[in-house]
Amino acid sequence: MTFEEKIISGIIVGLLVGLITKAIGYFLTREKVKAGLLTDIEVHIEDIKETNEYLNEWLPTLREGEVINYSARYKSDDYILFKSFISNLPKYFSRIIFTNILRFYKAIEEYDVLLEGFFSDVTTWKKEKRKLSADDLSYLSKKMERIIALGNILTMNEIKSFLNLPDKYEGKIAAKTIIK
C-alpha cells in the first residue's frame, strides 16, 4: 500500500468512525428524550386520573343552601421537561409523532387551566362563605363535567409509545355548555 493509499484509507476510517459515533450519539439521545417524555406523560396521566376521581367524590358532597367547608388549590404544571425538549423534538421524531406530542401537551395545558379556574371559583366561594344555590351547583357540575370529559380523553389510552397518543380530542365539551 502506498503512502497516498494509507492517507486516503485513514481519512475514510476517520470519517466512518465519526459518522458512527454521531449516529450512536443521535440514537442514544433520542431514546433518552423519548424515555423522559413518556415518563412525564405517564405522570401527568396518573395525576389526571387521581384528580378526576377526587372531583367525582368531592362535588356530590356539596348541598344547596350550605357553604363550602373545604376546597383544594390547584397550580398548573410548568411543563419544564417538555419545554426543554420542544426545540429538539422535530429533529428526533417524525412529523406525526411531533404533532401528537404537541397536541397532547396542549390538551394537558387546557385541562390544567380548566381545573385551576374551577378551584379558583370554589376557593373564592368558600372564603365568602357563600350559600350554594341550585344554579351554583349546576354551574360547578357543568364545569366538572367538562374537566372530567377532557381528563377521560387524556387518560383513555395506555401510553407505551408516542403512537398511543390520541391524534384527536373528540368528545371535549365546549365552554358554551357551562353557561346554558
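Author: A salt bridge is a side-chain nitrogen of Lys or Arg within 4 Å of a carboxyl oxygen of Asp or Glu. A search of this whole structure finds 7 salt bridges. The model is predicted: local features need pLDDT of at least 70, side-chain atom pairs count only at pLDDT 80 or more, and totals for chains, interfaces and linings use all residues. Residues are numbered from 1 along each chain as its sequence is written, and side-chain values use heavy atoms, without hydrogens and water.

Reader: What makes K49 and E46 a salt bridge?

Author: Their side chains meet at 3.8 Å, N to O. The limit is 4 Å, so the pair qualifies.

Reader: Why are K49 and E46 separated by about one helical turn?

Author: Because they are 3 residues apart in helix α1. A helix here is a DSSP run (H or I, at least four residues), numbered from the N terminus.

Reader: How do you know that α1 meets α5?

Author: Contact means heavy atoms within 4.5 Å. In α1, I45, I48 and K49 are among the residues that meet α5. On the α5 side, the residues include M144, I147 and I148.

Notes: Helix = DSSP H or I, 4+ residues; strand = E, 2+ residues; numbered from the N terminus.
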